[in-house]
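Subject: Structure for you to look at

Hello,

Here is the structure I promised you. Please open it first, then read my notes below.

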Amino acid sequence: MAQENRRRSYVLFILPALLLAHAAACASAAGVADPAGDFPDPDITGLSCDVREGVLHVRMDLARDPAGSYGGAIFIDADRNPSTGYREGTGAEYVYAFSVMPIVYAEPVISATLNDEPVSEATLSPSANRIDIAIPLGAPGDGAADPDLFAAVYTGTMGALAFDRAPDYGVMNAESGEVKVPGGAARVSSRYDDREGDALSGDVTGLSTDVHDGVLDILVTYATAVESGGDLKGWILIDADQNLATGFMNAEEAPPSFGIDYRLDYTIGSALGTGASLEKTGPGFAEGGYAETAGVPLGVPYNDAMFVAAGNQAFFRIPLALLGPDDGRTSIILDSFSLSGMTSSGASDQVPDAGVGVLDTGTGEVRPPLSYTGAGPAQTADRVGDSAGSGYDGDDIASVETGYAGNVLLVRVAYASLEPDDGAVTTIFFDTDQAADGLFESALVYCLYNGRLGAVLVGNTGGVFGARSARPLVTMQGDSIFASVPLELLNDDGKMNLSIETALVPSSAEIPLTDQTREWMSSGYETKFGTGEVHINPDKFNRTLYDRVPETGFISVAP
């Protein structure tokens with residue numbers, strides 16, 4: 001109980017401190033002063049350093065002797081390039097991590113690593129209210145004589161999502177003591193108020209963002225204390241570049257409107273534990289039909305991302321460098337629920353509400369989903385029951401709706417029946433040159449497989465013939481699949497002919513994209529006579545055709 005009370009006092013202290021007005025750090029040639037009292041323990045009050053004979057000497061002054069075990073890390077950007085480094089999103093070529101565990105009537109137990117490799121404990125010298133560190137810059141890699149760096153310390157020895165950072169923002173140069181803060185754009189804050197009581201599970205009443213000093217702060221406010229009413233789970237979907245054409249998922253909106261590049265997952269409570277992680281588009285994204293993601297650990301010693309839950313609020317601080325080359329203008333949407341609430345109500349709270357849109361952190365406004373512009377949608381009906389399949393496998397098309405939202409082609413395919421485990425594959429063919437040769441330049445292929453919706457864009461996509469994942473471009477709702485295809489992916493002005501079909505394909509050719517899928521798709525490729533350009537010929541595909549809309553001819557669309 002005493003430990004729990006100590007932890008509760010700790011989080012109740014640190015959250016208001018993080019939300020206070022930002023105190024300016026005082027730079028000098030010797031180092032930087034850090035505000036006292038901005039962290040409970042250990043509390044950095046000064047950071048200084050210099051490089052002598054290839055060794056970086058770092059000194060951290062503390063407000064007091066730490067009460068118990070503590071740890072920390074020095075992030076060193078040797079080439080002063082924030083886009084490179086050993087740790088993603090930090091620019092650090094070197095990460096020196098350490099821990100100190102006091103022992104009664106004995107010397108403390110000290111451990112230290114450099115880029116996850118053990119180094120001598122002699123590199124660390126803790127005293128009552130001071131930490132001295134000597135880091136050889138000769139290995140690994142070649143260190144600069146005047147690197148940029150920042151330091152962080154925390155309570156405990158296993159890493160942390162709450163810590164004291166010096167300088168508070170940016171990096172300090174080891175030679176000049178100058179503090180460089182990324183960004184420079186005007187500070188932008190936003191808030192979205194959500195109706196209290198609109199969800200029985202994880203009821204959120206406010207979502208606030210603050211972009212400043214190279215970080216994105218997110219504050220989630222709940223109707224009740226975060227530690228009451230069962231464990232909480234939530235995720236914040238981030239469209240970092242506000243581009244539907246990128247990302248590994250959408251927010252299940254119809255029509256698809258937001259390409260989610262990052263998903264910030266978090267849990268609060270005794271059963272699930274309190275923690276956070278970041279999922280991002282993985283390196284194999286362009287090769288897979290499903291979302292391929294890679295996890296990014298958060299907090300020291302990995303990076304300087306923060307997460308603190310206290311009272312009725314959850315606070316996140318995400319360095320913009322973790323979101324790629326980003327200026328802080330992102331689109332976010334939140335989902336949250338409690339485990340006990342999900343059992344009783346089966347619902348979560350989405351902020352902004354489902355169908356409303358996303359919160360733009362750059363303007364503070366809500367960006368609505370895509371909607372038809374110009375003449376609006378055109379309907380093409382198809383006779384129900386004309387499928388050569390069973391009609392119950394996502395193979396019988398009932399109608400097709402087409403139109404434009406600016407430079408994005410919107411297509412809604414309605415089926416006589418559609419279930420998450422249906423096996424038919426649907427292909428939307430794009431004839432962008434509208435030549436009278438029956439060939440297509442691109443195609444969007446999607447299917448439901450084992451309860452998951454996967455999609456691949458093949459052909460002339462973005463000016464290059466090939467295949468890429470297209471999961472953000474499709475959403476299932478009821479008996480319909482909604483597709484949104486940015487014209488930049490089709491390398492076209494929007495005037496084109498469409499043909500939509502359902503078919504049974506070889507069992508090895510399911511989405512996601514595999515070597516077998518590539519083999520199946522390449523069976524329909526044809527080199528156009530006279531030009532040498534590769535096109536798609538549906539008649540060459542190894543598949544059993546179920547249904548086609550229209551039965552003959554094409555659907556012509558234009559912005």
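**Cavities and cores**

The largest cavity is lined by Asp393, Gly394, Tyr415, Leu418, Asp422, Ala424, Thr426, Tyr446, Cys447, Leu448 and Ile481. Keep in mind that this is a predicted model.

Strand E32, residues 442-449, gives the most to that lining, with three residues. By class, the lining has seven nonpolar, two polar and two charged residues. The space inside the largest cavity is about 70 Å³.

How many cavities of 30 Å³ or more are there? The count is three.

Now the packing. In soluble globular proteins, nonpolar side chains tend to be buried together. Here, the largest nonpolar core has 36 residues. Which of them touch the most other members? They are Leu409, Ile428, Phe430, Leu444, Tyr446, Met496 and Leu498. Strand E30, residues 408-415, supplies the largest share of this core, with six residues.

Leaving out residues up to four places away in sequence, Ile428 touches Val411, Val413, Ser442, Ala443, Leu444, Tyr446, Ala483, Ser499 and Ile500.

A second, separate core has 35 residues, including Val204, Ile236, Ile268 and Leu298.

Best wishes

Key:
Residues numbered from 1 in each chain as written. Predicted model: local features only at pLDDT ≥ 70, side-chain atom pairs only at ≥ 80, totals over all residues. Heavy atoms only, no water. Core = buried A, V, L, I, M, F, W, Y, C linked by side-chain atoms within 4.5 Å. Buried < 20%, exposed > 50% of the residue type's maximum accessible area, 1.4 Å probe, protein only. Helix = DSSP H or I, 4+ residues; strand = E, 2+ residues; numbered from the N terminus. Contact = heavy atoms within 4.5 Å. 1 Å grid on protein atoms, 1.4 Å probe; cavity = no way out; pocket = protein on both sides within 12 Å on 5 of 7 lines; lining within 4 Å. Points joined across faces, edges and corners; volume = space filled by probe spheres on them. Nonpolar A, V, L, I, M, F, W, Y, C, P; charged D, E, K, R; others polar.
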